[in-house]
Amino acid sequence: MLIRRFTPELHRQIPGQNVGMFGRAILRDEHHFPDSERSNQPTNDLPLLVEKPLGIVSLYIEAGGHMQEHSADHPILFIVISGRGKLRLGGPEGETEAISAGDAVLWPPHLDHMVWTEDEAIQGIAIEMLAEEAPGNTTPVR
């Protein structure tokens, strides 16, 4: 049996201009997970590897932290499992919404997105749909 734990204390700092943002890969498409990353981690720290074009990452943003605004070339489903914060889609002039535990939003490909927190941390699961045939629905689910 393979178990991968992803509680906040096991997360690693995410590089870049992210503030107070940590993450841990839970499941990764073995074709999108470089050998160099595999060799630098103990076996127990490795994500579960599958042959499907899919990635699942646990994200944790401390109170007062934020995700660097960016886009991806594939859709990402972000599911909030605890805490609350704010989400913006579409860059500085985009739409901003409050999000909290139980909310899910689809980040469409090639659209800037970011999450930030104020007085409470937020933890979520990001499901990366790496396949070209992934759904292209651009309506946030609330």
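Which residue stands opposite Met-114 in S8? Before I answer, let me say that this is a predicted model, in which local features need pLDDT of at least 70, side-chain atom pairs count only at pLDDT 80 or more, and totals for chains, interfaces and linings use all residues. Residues are numbered from 1 along each chain as its sequence is written, and side-chain values use heavy atoms, with hydrogens and water left out.

The residue opposite Met-114 is Arg-88. Strand S5, residues 76-89, runs antiparallel to S8 and is joined to it by 4 bridges, where pairing requires that DSSP finds at least two bridges between two strands.

Strand S8 itself spans residues 113-116, with His-113 and Val-115 buried on one side and Met-114 and Trp-116 buried on the other, so that both faces are covered; buried here means under 20% relative accessible area, with a 1.4 Å probe and protein chains only. In a regular strand the side chains alternate between the two faces of the sheet.

Turning to the chain as a whole, there are 1 helix and 9 strands, these being DSSP runs (H or I, at least four residues, for helices; E, at least two, for strands) numbered from the N terminus, and their order is β-β-α-β-β-β-β-β-β-β. Of the 142 residues, 40% are buried.

As for confidence, the mean pLDDT, the predictor's confidence in each residue on a scale from 0 to 100, is 80 for the protein chain, and 70% of its residues reach 70 or more. Over residues 132-142, however, the pLDDT is below 50. Where pLDDT is low, the predicted coordinates should not be read in detail.

Key:
Buried < 20%, exposed > 50% of the residue type's maximum accessible area, 1.4 Å probe, protein only. Contact = heavy atoms within 4.5 Å.
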